Amino acid sequence: MTTIRTTCSRCGDVELSTKDISLELTGAGDEGTYRFSCPTCTTTQQRPASHRVVSILLATGVAYEVVLDTLPITESEIGRFVAMLDQDDWFGRLVASGG
Ligand SMILES: [Zn+2]
């Protein structure tokens, strides 16, 4: 079993196995954060995962999930949507736009 060494903010260096770590990928999917429960003090730790760390964790078989960046809807987008609703073919345009 692969052993991953990282640090706990309380205990210092700790060793984990791949199943102790969960990785969240954000944005383009090459960076993110990873979480683990410290085997010594059992607190949940969260660490940023750089591109290099992500590569290592994925290579060792750590489970991961992709978290897409969702931007808030802007006023102009709402305005365009409302304007579109006033048109007769709004549904066809919505489908055509992939929304
Ligand atoms: Zn600890």
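The legends below describe close-up views of a predicted model. Residues are numbered from 1 along each chain as its sequence is written. Because the model is predicted, local features need pLDDT of at least 70 and side-chain atom pairs count only at pLDDT 80 or more, while totals for chains, interfaces and linings use all residues.

View 1. The pLDDT, the predictor's confidence in each residue from 0 to 100, averages 87 over the protein chain. A score of at least 70 is reached by 97% of the residues. Helices (H or I, at least four residues) and strands (E, at least two) are DSSP runs, numbered from the N terminus. Of the elements of the protein chain, S2 has the highest mean pLDDT (95) and helix H3 (residues 90–96) the lowest (74). The domain assignment gives domain 1 (3–68) and domain 2 (71–99); such bounds come from an automatic or database domain assignment. The C-alpha centres of domain 1 and domain 2 lie 40 Å apart.

**View 2. The hairpin of S1 and S2.** Strand S1 (residues 3–8) and strand S2 (residues 12–17) pair in the antiparallel sense over 6 bridges; two strands pair if DSSP finds at least two bridges between them. With 3 residues between them, S1 and S2 form a hairpin. Cys8 stands opposite Gly12 in S2. Strand S1 is hardly covered, and the count of buried residues among its 6 residues is 0. A residue is buried if 20 or more other C-beta atoms lie within 10 Å of its own, exposed if 12 or fewer, and partly exposed in between, with C-beta atoms placed from the backbone.

**View 3. The open sheet of 4 strands.** The strand order is S5-S4-S3-S6, with mixed pairing. Strand S5 (44–49) and strand S6 (63–67) stand at the edges with a single partner strand each, so one side of each has no neighbour in the sheet. Neighbouring strands of this sheet are turned by 20° against each other on average, direction ignored. For such angles, axes are lines fitted to C-alpha atoms, for helices over the stretch in contact, and angles run from 0 to 180 degrees between N-to-C directions. Strand S3 (residues 21–26) and S6 run parallel and are joined by 5 bridges. Ser22 stands opposite Ala63 in S6.

**View 4. Glu24 in strand S3.** Glu24 is placed in strand S3. Glu24 counts as partly exposed because it has 16 C-beta neighbours inside 10 Å. Leaving out residues up to four places away in sequence, Glu24 touches Gly32, Thr33, Tyr64, Glu65 and Val67; contact requires C-beta atoms, placed from the backbone, to lie within 7 Å. Glu24 and Arg10 are 14 residues apart along the chain, and their C-alpha atoms are separated by 23 Å.

**View 5. Gln45 in strand S5.** The place of Gln45 is in strand S5. Gln45 is partly exposed because 19 other C-beta atoms lie within 10 Å. Residues up to four places away in sequence aside, Gln45 touches Cys8, Ser9, Arg35, Phe36 and Cys38. Gln45 and Glu65 lie 20 residues apart in sequence and 17 Å apart in space, C-alpha to C-alpha.

**View 6. The largest nonpolar core.** A nonpolar core is a set of buried Ala, Val, Leu, Ile, Met, Phe, Trp, Tyr and Cys residues joined through C-beta atoms within 7 Å. The largest one has 10 residues: Leu16, Ile21, Leu23, Leu25, Tyr34, Phe36, Ala49, Val54, Leu57 and Val62. At least two residues of this core come from each of S3, strand S4 (31–37) and helix H1 (51–59). S3 gives the largest share, 3 residues. Not counting residues up to four places away in sequence, Val54 touches Leu23, Leu25, Asp30, Glu31, Gly32 and Ala49.

**View 7. Two threonines in loops.** Thr42 lies in the loop between S4 and S5. Although Thr42 is not a glycine, it has a positive phi of about 65°. Thr42 counts as exposed because it has 8 C-beta neighbours inside 10 Å. Thr74 is placed in the loop between S6 and helix H2 (75–85). With 9 other C-beta atoms within 10 Å, Thr74 is exposed. Thr74 and Gly32 are 42 residues apart along the chain, with their C-alpha atoms separated by 25 Å.

Conventions
Contact = placed C-beta atoms within 7 Å.
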